[in-house]
Amino acid sequence: MLPRLLSRAAPTTARATPCNIRSFTAAAVARSAQQPTASGQAPAGSQTPVDGTAAEDSKTTHFGFRTVPESIKESLVSQVFGNVAKNYDLMNDVMSGGVHRLWKDHLIRTIAPGRDTSLLDVAGGTGDISFRFLENVRETYGTSAGASVRVVDINPAMLEVGRERAKALGYGGASNVTFEEGNAESLSAVPDASVDVYTIAFGIRNCTHVDAVIREAYRVLKPGGRFLCLEFGSVENPVIKSIYETYSFNVIPALGEFVANDRASYLYLVESIRKFPPQPEFAKMIRDAGFTQIGKGWEDLTFGVAAIHSGFKL
Ligand SMILES: C[S@@+](CC[C@H](N)C(=O)[O-])C[C@H]1O[C@@H](n2cnc3c(N)ncnc32)[C@H](O)[C@@H]1O
């Protein structure tokens, strides 16, 4: 409720800095000649694989509004975050006017961690969720020594920024704060039924197989453990939606170009949000993986610009 009241500002999260994503993708993916429409819909034909690689690889997926072979999406996403890592936190504030902080704080309040809660923060990037989690435990119990956070992310550059932040925040030598490389779709280093809380914030829409991510979350959670996913959502209110679409497709790419000299990566951000399933559909995926939900299974934030999805492993 709180973030809904606090702000009507537009979204934030992954966006980019100067990068050669365009040239990187050119070898494997031909970008649609058309730009997305202001309504956020993919232009006609943009879903068609257009290069030989895609034609040979029958399994395709989306990378923003582009259709790409599944086999290369991970590399494309990796390229984006490798380039955005250094400016990631600053740009989150620029893009969202700071609203992402309210959403993340609300996520932590929703978790309401206990003194000894173990958190697995997948696609945890620079540690934004994990540090908030530890801060909440410290404020509540006077110490965060009993709690633990394990940040897993596929991108070493994002993790490196996280490690630096950990040092700056005084968690540098702490054994209960770890950063490690891993793929959300296959958390092979994480044992079954080993964590109390699993979070994934603004990460799941970048994954190739969202269903595999949710299955892995279910596997690694202890019985009674909780899955929480903070992700962009679909806005239903037509007036807000129209403002949001204009902001998304005009302001965000322009900001990307102006601030980071990288329009393409910011366009990926906007497009990837539009390709992610709306809240009811994503909630069903969580339910289908075996999670038990309370009510409809999610809470809209800022008119549905973002949403917190939740499920218990019972
Ligand atoms: C928008 S950032 C979110 C970072 C952080 N959770 C936050 O809220 O600030 C998305 C993160 O997802 C990571 N990511 C993308 N695909 C992934 C995958 N398959 N497995 C693990 N991490 C992934 C990226 O490297 C990036 O750090």
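In this model, Ser 248, Phe 249, Ile 252, Pro 253, Leu 255, Gly 256 and Glu 257 of helix α10 meet Arg 263, Ser 265, Tyr 266, Leu 267, Leu 269 and Val 270 of helix α11; a contact means C-beta atoms, placed from the backbone, within 7 Å. The model is predicted: local features need pLDDT of at least 70, side-chain atom pairs count only at pLDDT 80 or more, and totals for chains, interfaces and linings use all residues. Residues are numbered from 1 along each chain as its sequence is written.

**α10 and α11**
- The residues of this contact divide into 8 nonpolar, 3 polar and 2 charged (nonpolar: Ala, Val, Leu, Ile, Met, Phe, Trp, Tyr, Cys and Pro; charged: Asp, Glu, Lys and Arg; polar: the others, Gly among them).
- Helix α10 covers residues 238-260 and helix α11 residues 263-275, and they pack at an angle of about 145 degrees with axes 7 Å apart (axes are lines fitted to C-alpha atoms, for helices over the stretch in contact, and angles run from 0 to 180 degrees between N-to-C directions).

**α5 and α10**
- Helix α5 (residues 88-96) packs on α10 at about 135 degrees, with the axes 11 Å apart.
- Met 91, Val 94 and Met 95 of α5 meet Ile 252, Leu 255, Val 259 and Ala 260 of α10.
- The residues of the contact of α5 with α10 divide into 7 nonpolar, no polar and no charged.

**α11 itself**
- Of the 13 residues of α11, 11 are buried, so this helix is largely enclosed by the rest of the structure (buried: 20 or more other C-beta atoms within 10 Å of the residue's own, C-beta atoms being placed from the backbone).
- Among the buried residues of α11 are Tyr 266, Leu 269 and Arg 274.

Terms used
Helix = DSSP H or I, 4+ residues; strand = E, 2+ residues; numbered from the N terminus. Contact = placed C-beta atoms within 7 Å. Buried ≥ 20, exposed ≤ 12 C-beta atoms within 10 Å, placed from the backbone.
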